[in-house]
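Hello,

Here is the structure I promised to pass on.

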Amino acid sequence: MVVPRTLRPVVGLLIAFLVALGLPVAGSAAPEDVRVITYDASQSEEFQQAVDAGAQVWNEHVQNVKFEPATGGSADVVVVADDGWPRTQLTGLGQGKIWMGRQAVQEGYDEIRIAAHELGHILGLPDDRTGVCEDLMSGASAGPECTSAVPNSAEIAEVEANFAEGKAVEPRLFTHEALTLR
Ligand SMILES: [Zn+2]
């Protein structure tokens with residue numbers, strides 16, 4: 001933005017005022033630019049609260065995109081429960097299907113971390129099996145004792161960039177069977 005020299009002190013004051021109010025100034029989208037992803041967890045059975053919690057984690061950490069429960073009509077993301085390993089079929093950025101697999105929960109993995117991780121795939125993040133608990137996309141490689149459901153700063157930055165750019169993503173199935181963990 002080019003600001004005439006005479007207006008610069010005014011703009012500076014305005015920004016200072018907005019900062020004082022605690023309003024986002026730079027690096028975050030205007031409300032009308034926030035991409036809303038609707039999700040339908042009504043078929044996720046016992047995992048519904050974990051899915052809501054996982055969505056809430058992302059809502060607390062990113063500003064360019066927001067998860068909202070679907071209210072009728074077709075949702076961008078459908079979450080179901082089954083007896084396999086958790087997996088995500090990504091069909092486009094912010095769109096797909098998540099299976100909250102019971103097998104991982106039976107092996108002790110944290111439900112909210114699973115939900116937040118699978119939602120991370122919906123947000124365009126790949127698996128990154130570092131074994132580090134602080135990395136949300138390390139998934140099950142961090143072991144069942146890891147209950148952190150919070151994305152790290154690089155993961156947050158990547159999601160913000162994906163939605164700022166409207167990044168194109170290829171449809172892809174992310175699977176998490178034990179054999180592929182490490
Ligand atoms: Zn994954």
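Ala53 counts as partly exposed because 16 C-beta neighbours lie inside 10 Å; by the cut-offs used here, a residue with 20 or more other C-beta atoms within 10 Å of its own is buried, one with 12 or fewer is exposed, and anything in between is partly exposed, with C-beta atoms placed from the backbone. Please keep in mind that this is a predicted model, in which local features need pLDDT of at least 70 and side-chain atom pairs count only at pLDDT 80 or more, while totals for chains, interfaces and linings use all residues. Residues are numbered from 1 along each chain as its sequence is written.

Ala53 has its place in helix H2; helices (H or I, at least four residues) and strands (E, at least two) are DSSP runs, numbered from the N terminus. Leaving out residues up to four places away in sequence, Ala53 touches Ile112 and Ala115, where a contact means C-beta atoms, placed from the backbone, within 7 Å. Arg113 is 60 residues from Ala53 in sequence, yet the C-alpha to C-alpha distance is 9.2 Å.

Now for the overall picture. The protein has five helices and six strands, and from the N terminus the elements run α-β-α-β-β-β-β-α-α-α-β. Of its 182 residues, 36% count as buried. Among contacts with a separation of 6 or more, 63% are between residues 24 or more positions apart.

The six strands form an open sheet with mixed pairing, in the order S2-S1-S3-S5-S4-S6; two strands pair if DSSP finds at least two bridges between them. At the edges are S2 (65-69) and S6 (172-175), each pairing on one side only. From one strand to the next the twist averages 20 degrees, with axes taken as lines fitted to C-alpha atoms (for helices, over the stretch in contact) and angles running from 0 to 180 degrees between N-to-C directions.

S1 and S2 pair in the parallel sense over five bridges: Thr38 has Glu68 as its bridge partner in S2, and Ile37 stands opposite Phe67. S1 also pairs with S3 in the parallel sense, over three bridges, with Val78 of S3 as the bridge partner of Asp40. Together, S1, H2 and S2 make a right-handed β-α-β unit, meaning that, with the strands pointing away from the viewer, the path from the first strand over the helix to the second runs clockwise.

Most residues other than glycine have a negative phi, but phi of Glu45 is near 50 degrees, a positive value. Glu45 counts as partly exposed because it has 13 C-beta neighbours inside 10 Å.

Which residues touch the most other members of the largest nonpolar core? They are Val51, Trp58, Val79, Met100, Ala115, Ala116 and Leu119, out of 38 residues in that core; such a core is a set of buried Ala, Val, Leu, Ile, Met, Phe, Trp, Tyr and Cys residues joined through C-beta atoms within 7 Å. Elements giving two or more residues to the core include H2 (48-61), S3 (77-82), S5 (95-101) and H5 (153-165), while H4 provides the largest share, six residues. Leaving aside neighbours within four places in sequence, Met100 is in contact with Ser44, Phe47, Val51, Val79, Ala81, Pro86, Ile114 and Ala115.

Best wishes

Key
Two residues are in contact if their C-beta atoms, placed from the backbone, lie within 7 Å.
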